[in-house]
Amino acid sequence: MTLSGRSLHPGQASGVVLALDEPLSFWGGVDPCGVIVDAHHPQCGATIAGQVLAMQAGRGSSSSTAVLAELIRSGHAPAALLLAERDAILVIGALVAAEIYGITLPIVQLAHNDLARMHTGTQATVLAHTAPLAATVTAGSR
């Protein structure tokens, strides 16, 4: 399936989808290796590093900007972020990493019903152009 979305931050990536049941705060919710450590999160213990992370929205602190930028720098960030709701905090983290480290993390906003079609274990490719061009997400079957 191929889905069209809104580019929030440009880039291209491929990986296996990790679809989160709830929003995630990177500040205090993810360790430096990209493991979800929020004991109250349904996917606690899952690794986001290298995954195409699909979630409705980010959650929490503006400090998530710095945490995401550091995950990108260290190679422990998701390969791409797919969101149903725009999240300026996460976009700023990707912008900072691109500017300082020269590493891009594509972020795409999908319609809620399209995001719901992204299932854990599915291989996906994300191509997020510079706005205002649309982004595409191509996902295979599980």
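The crossing of H1 and H2 is right-handed. Keep in mind that this is a predicted model. Let's work through it together.

**Exercise 1. Describe how H1 and H2 pack, and what kinds of residue meet there.**

*Solution.* 
- Step 1: Find the helices. H1 covers residues 64–74, and H2 covers residues 88–101.
- Step 2: Take the geometry. The two helices pack at an angle of about 45°, and their axes are 8 Å apart. H1 is therefore oblique to H2, since angles under 35 degrees would count as roughly parallel and 65 to 115 as roughly perpendicular.
- Step 3: List the partners. From H1 come Ser64, Thr65, Leu68, Ala69, Glu70, Ile72 and Arg73. They meet Ile89, Leu90, Ile92, Gly93, Ala94, Val96, Ala97 and Tyr101 in H2.
- Step 4: Sort them by class. The contact has 10 nonpolar, 3 polar and 2 charged residues.

**Exercise 2. Is glutamine 109 buried or exposed, and what does its side chain reach?**

*Solution.* 
- Step 1: Glutamine 109 is part of strand E5, residues 107–109.
- Step 2: Check accessibility. Its relative accessible area is 17%, so glutamine 109 is buried; the cut-off is under 20%.
- Step 3: Follow the side chain. The side chain of glutamine 109 reaches the backbone oxygen of alanine 84 at 3.1 Å.
- Step 4: Look around. Setting aside residues up to four places away in sequence, glutamine 109 touches Gly5, Arg6, Leu8, Leu83, Ala84, Glu85 and Arg86.

**Exercise 3. Now go to alanine 84: where does it lie, and which residues is it in contact with?**

*Solution.* 
- Step 1: Alanine 84 lies in the loop between strand E4 (80–83) and H2.
- Step 2: With a relative accessible area of 5%, alanine 84 is buried.
- Step 3: Leaving out neighbours within four places in sequence, its contacts are Met55, Gln56, Gln109, Leu110, His112 and Leu115. Gln109 in this list is your friend from the previous exercise.
- Step 4: For a distance along the fold, take threonine 120, 36 residues apart from alanine 84 along the chain: their C-alpha atoms are separated by 16 Å.

**Exercise 4. Is histidine 40 buried or exposed?**

*Solution.* 
- Step 1: Histidine 40 sits in the loop between strand E2 (11–19) and strand E3 (52–55).
- Step 2: Its relative accessibility is 72%, so histidine 40 counts as exposed, the cut-off being over 50%.

Technical notes:
Residues numbered from 1 in each chain as written. Predicted model: local features only at pLDDT ≥ 70, side-chain atom pairs only at ≥ 80, totals over all residues. Heavy atoms only, no water. Axes fitted to C-alpha atoms, helices over the stretch in contact; angles between N-to-C directions. Helix = DSSP H or I, 4+ residues; strand = E, 2+ residues; numbered from the N terminus. Parallel < 35°, antiparallel > 145°, perpendicular 65-115°, else oblique. Left-handed = near helix turned anticlockwise from the far one by under 90°. Contact = heavy atoms within 4.5 Å. Nonpolar A, V, L, I, M, F, W, Y, C, P; charged D, E, K, R; others polar. Buried < 20%, exposed > 50% of the residue type's maximum accessible area, 1.4 Å probe, protein only. Polar contact = N/O pair within 3.5 Å; in protein donor to acceptor, adjacent residues only side chain to side chain.
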